Amino acid sequence: MNINDSAAASAARDELEGLEALSDKAAKRLYSLLADYLTVVRQQLQPLLLQAVFQVSTQQLPEAFNSLSEQQRQGLRQRLGELCSRCSCLLTVEQLAQLALRLEAMAAADEPLELDPEQPEALAAEPLLEPGLSFSLEPPQLMGDFDPNQFCAGAEPRAPRAADSEADAEPAPGDEQALDLLRQMVRGAVLALPANQPQQPAQAFPLPREPRQLRDWFHRWDRALQRRLRNLSHAVNVELLRSGLCRSLVPLTLLDAALSGQAELQAAPPNVLSVVMPLLDPSTAEELQLHGVLLRVAEFEHLRPDLRQIRSELHRLEATMLKMERRIRHWQKRLAVLQAQSLWLEDNSNDPSPQH
């Protein structure tokens with residue numbers, strides 16, 4: 001490689017190193033924005049849910065609500081509060097990252113990931129990969145004492161504390177499978193380097209550092225958030241059925257169809273689902289109408305300007321990551337070209353002189 005090519009290669013590596021540092025900052029910024037977003041969601045979860053149930057009770061099903069006793073009404077409100085509290089414990093960046101992994105694993109295995117309609121209290125525990133693997137409402141031990149400032153390559157490892165002993169214990173067979181899933185995600189967490197440079201060891205942290213993978217991670221995380229709200233909605237609808245407010249349960253498939261825009265819905269207040277089914281209601285001999293709750297991320301943002309503002313920042317960050325991704329591809333290609341040229345010239349210089 002001549003002097004000019006060496007200088008160009010050095011400049012390309014410098015650019016890639018600079019982009020790697022920017023990727024680290026983008027990942028930290030993404031984590032911070034998601035944490036802020038979830039703080040608002042947790043604060044507003046119960047008020048928005050109760051507002052949706054209020055609309056169902058007073059607008060869609062007033063006669064049924066009026067027929068409930070005071071004890072039934074108070075019991076329903078208490079159970080709704082308990083469901084909100086349990087769901088709020090799972091609305092963290094780390095918990096949703098784990099749910100995103102399980103959703104992806106289930107999708108790859110072509111297995112449904114649904115709740116048992118008879119177990120609304122299980123909203124926090126979507127069917128897992130193995131019967132022996134369970135997740136409590138405590139912060140996930142698989143993450144240890146996660147510090148977003150310590151995930152970058154080259155960061156000094158944190159000294160273990162006595163409180164870490166349980167997290168550092170040998171995992172159970174089911175936990176090992178979950179750890180394998182995390183490792184699979186972490187394997188792609190190091191910024192791609194030219195073929196002639198060794199990869200740095202990946203850090204045990206769920207956010208990738210390469211911009212494209214980071215954007216993909218964010219999209220999976222976003223879907224996991226909507227899935228968690230969908231599961232809470234289903235648990236709430238089961239409680240509405242058990243309380244006697246609703247006579248028919250809105251099936252999970254209909255909730256999913258509504259979220260994907262594949263169901264024809266009637267006009268309804270925010271986070272309320274109302275649909276006419278092509279079936280006859282045996283009690284009225286009219287078309288069956290289903291009413292229930294469907295908490296939606298888009299409607300949370302519609303009702304909360306602070307969530308819309310954070311979403312706008314997330315969109316801007318995603319656009320920045322897309323530009324970084326294009327720049328990384330450019331400089332990686334440039335470095336590969338220079339390396340190929342160098343190898344070609346090296347091979348030419350090693351060719352024996354032609355025989356005369």
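Colleague: Which residues in helix 4 are buried?

Modeller: Two conventions come before the reading. This is a predicted model, in which local features need pLDDT of at least 70 and side-chain atom pairs count only at pLDDT 80 or more, while totals for chains, interfaces and linings use all residues. Residues are numbered from 1 along each chain as its sequence is written, and side-chain values use heavy atoms, with hydrogens and water left out. Burial is then read from relative accessible area: buried means under 20%, exposed over 50%, and partly exposed in between, with a 1.4 Å probe and protein chains only. In helix 4, the buried residues are V93, E94, Q95, L96, A97, Q98, L99, A100, L101, R102, L103 and M106. Helix 4 is largely enclosed by the rest of the structure, because 12 of its 16 residues are buried.

Colleague: How many helices and strands does the protein chain have?

Modeller: Elements are DSSP runs numbered from the N terminus: helices are H or I with at least four residues, and strands are E with at least two. The protein chain has 9 helices and 2 strands. Read from the N terminus, the order is α-α-α-α-α-α-α-β-β-α-α. Among the 356 residues of the chain, 42% count as buried. For contacts (heavy atoms within 4.5 Å), consider the pairs with a separation of 6 or more: 74% of them join residues 24 or more positions apart.

Colleague: What span should helix 6 have, given its 33 residues?

Modeller: The expected span of a helix is 1.5 Å times one less than its number of residues. For helix 6 that gives 48 Å, and the end C-alpha atoms are 48 Å apart, which agrees. The corresponding values for helix 4 (residues 93-108) are 23 Å from first to last C-alpha, close to the 22 Å expected. Helix 6 is mostly covered, with 25 of its 33 residues buried.

Colleague: Is S233 buried or exposed, and what does its side chain reach?

Modeller: S233 belongs to helix 6 (residues 211-243) and is buried, with a relative accessible area of 0%. A polar contact is a pair of N or O atoms within 3.5 Å; within protein, one must be able to donate a hydrogen and the other to accept it, and residues adjacent in sequence count only if both atoms are side-chain atoms. The S233 side chain reaches the backbone nitrogen of L295 at 2.8 Å, and a polar atom of that side chain also lies 2.8 Å from the backbone oxygen of L229. Beyond its neighbours within four places in sequence, S233 is in contact with V293, L294 and L295. At the start of helix 6, a side-chain oxygen of E210 comes within 3.0 Å of the backbone nitrogen of R212.

Colleague: How many salt bridges are counted?

Modeller: Side chains of opposite charge can pair when their charged atoms come close. The rule applied is a side-chain nitrogen of Lys or Arg within 4 Å of a carboxyl oxygen of Asp or Glu, and the count comes to 10 salt bridges. One of them joins R29 and E313, with the closest N and O atoms 2.5 Å apart. This pair links distant parts of the chain, with R29 in helix 1 (residues 3-60) and E313 in helix 9 (residues 305-350), 284 residues apart. R29 is partly exposed at 37% relative accessibility.

Another salt bridge is formed by E239 and R79, at 2.6 Å from N to O. Because E239 lies in helix 6 and R79 in helix 3 (residues 70-89), the pair ties together parts 160 residues apart in sequence. E239 is buried at 8%, whereas R79 is partly exposed at 30%.

E325 and R215 also meet in a salt bridge, at 2.8 Å from N to O. Here E325 is in helix 9 and R215 in helix 6, 110 residues apart. E325 is buried at 7%, and R215 counts as buried at 14%.
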